[in-house]
Amino acid sequence: MGERYGPFDITMVETGAYNDLWSEIHMNPEQSVQAHVDLKGKFMLPIHNSTFDLALHDWFEPLDRALSASIKHNTQMLSPIFGQSVNFDDLTTNNTRQDQRSWWLNNQ
């Protein structure tokens, strides 16, 4: 899809509620970041994470792992606090990681 329809300004990729037993249904955060890379996205917005206790991982683990993978792949991950609006017109590669990077660390 990235080759045919990309690049994309933003990708919204599920990153949460994963388990090895569910590998056919849900991606883990590292696979989600790879999907973003494959889609040729500029910004990744992780979705389907940290809201319901569906899996055995901690609620913040998907965001931690997605951020680590995002840094490793040199991609830009958006991580707004739940309910925070994101103005896509204001996005720049300089403000995403610094401003929104790890709000969840203070809420563990």
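Met44 stands opposite Met77 of strand 3 in this predicted model. Strand 3 and strand 2 (residues 41-47) pair in the parallel sense over two bridges. Two strands count as paired if DSSP finds at least two bridges between them. Strands of a sheet pair through backbone hydrogen bonds, either parallel or antiparallel. Here, three strands form an open sheet in the order 1-2-3, with parallel pairing. Strand 1 (8-14) and strand 3 (76-77) are the edge strands, and each pairs on one side only. Helix 2 (residues 29-38) packs on this sheet and touches strand 1 and strand 2. The direction of helix 2 makes about 150° with that of strand 2. For such angles, axes are lines fitted to C-alpha atoms, for helices over the stretch in contact, and the values run from 0 to 180 degrees between N-to-C directions.

The model is predicted, so to speak, with limits on use: local features need pLDDT of at least 70, side-chain atom pairs count only at pLDDT 80 or more, and totals for chains, interfaces and linings use all residues. Residues are numbered from 1 along each chain as its sequence is written, and side-chain values use heavy atoms, with hydrogens and water left out.The chain has four helices and three strands. Along the sequence, they follow the pattern α-β-α-β-α-β-α. Helices (H or I, at least four residues) and strands (E, at least two) are DSSP runs, numbered from the N terminus. Buried residues make up 37% of the 108 residues in the chain. Buried means under 20% relative accessible area, exposed means over 50%, and partly exposed lies in between (1.4 Å probe, protein chains only). Of the contacts with a separation of 6 or more, 67% come from residues 24 or more positions apart. A contact means heavy atoms within 4.5 Å.

The average pLDDT is 86, and 89% of the residues score at least 70. This score is the predictor's confidence in each residue, from 0 to 100. Among the elements of the chain, helix 2 has the highest mean pLDDT (97) and helix 4 (residues 96-100) the lowest (48). Where pLDDT is low, the predicted coordinates should not be read in detail.

Helix 2 has a buried side. Pro29, Ser32, Val33, Ala35 and His36 are its buried residues. Seen down the axis of helix 2, these residues fall within an arc of 155°, so they line one face of the helix. The arc is that of the directions from the helix axis to the C-beta atoms. An α-helix has 3.6 residues a turn, so residues three or four places apart point the same way. The cover over the buried residues of helix 2 includes strand 1, strand 2 and helix 3 (61-72).

Asn28 caps the N-terminal end, with a side-chain oxygen 3.0 Å from the backbone nitrogen of Glu30. After helix 2 comes Lys40, whose phi is positive, near 60°.

Within helix 2, His36 is buried, with a relative accessible area of 0%. A polar contact of 2.6 Å joins its side chain to that of Thr11. A polar contact is a pair of N or O atoms within 3.5 Å; within protein, one must be able to donate a hydrogen and the other to accept it, and residues adjacent in sequence count only if both atoms are side-chain atoms. Leaving aside neighbours within four places in sequence, His36 is in contact with Thr11, Gly41, Lys42, Phe43, Met44 and Thr75.

The loop between strand 1 and helix 2 holds Thr15. Thr15 is buried, at 0% relative accessibility. Its side chain makes a polar contact of 3.0 Å with the side chain of Asn49. Beyond neighbours within four places in sequence, the contacts of Thr15 include Pro29 and Ser32, as well as Met44, Pro46 and Ile47. Ala17 is also placed in the loop between strand 1 and helix 2. The phi of Ala17 is near 55°, a positive value in a residue other than glycine. Ala17 is buried, with a relative accessible area of 9%.

His48 sits in the loop between strand 2 and helix 3. Its phi is near 60°, a positive value in a residue other than glycine. At 41% relative accessibility, His48 counts as partly exposed. Pro7 is found in the loop between helix 1 (2-5) and strand 1. A cis peptide bond joins Gly6 and Pro7, with omega about 0°. Leu78 lies in the loop between strand 3 and helix 4. Leu78 counts as buried, at 0% relative accessibility. Leu78 and Leu45 are 33 residues apart in sequence and 5.0 Å apart in space, C-alpha to C-alpha.
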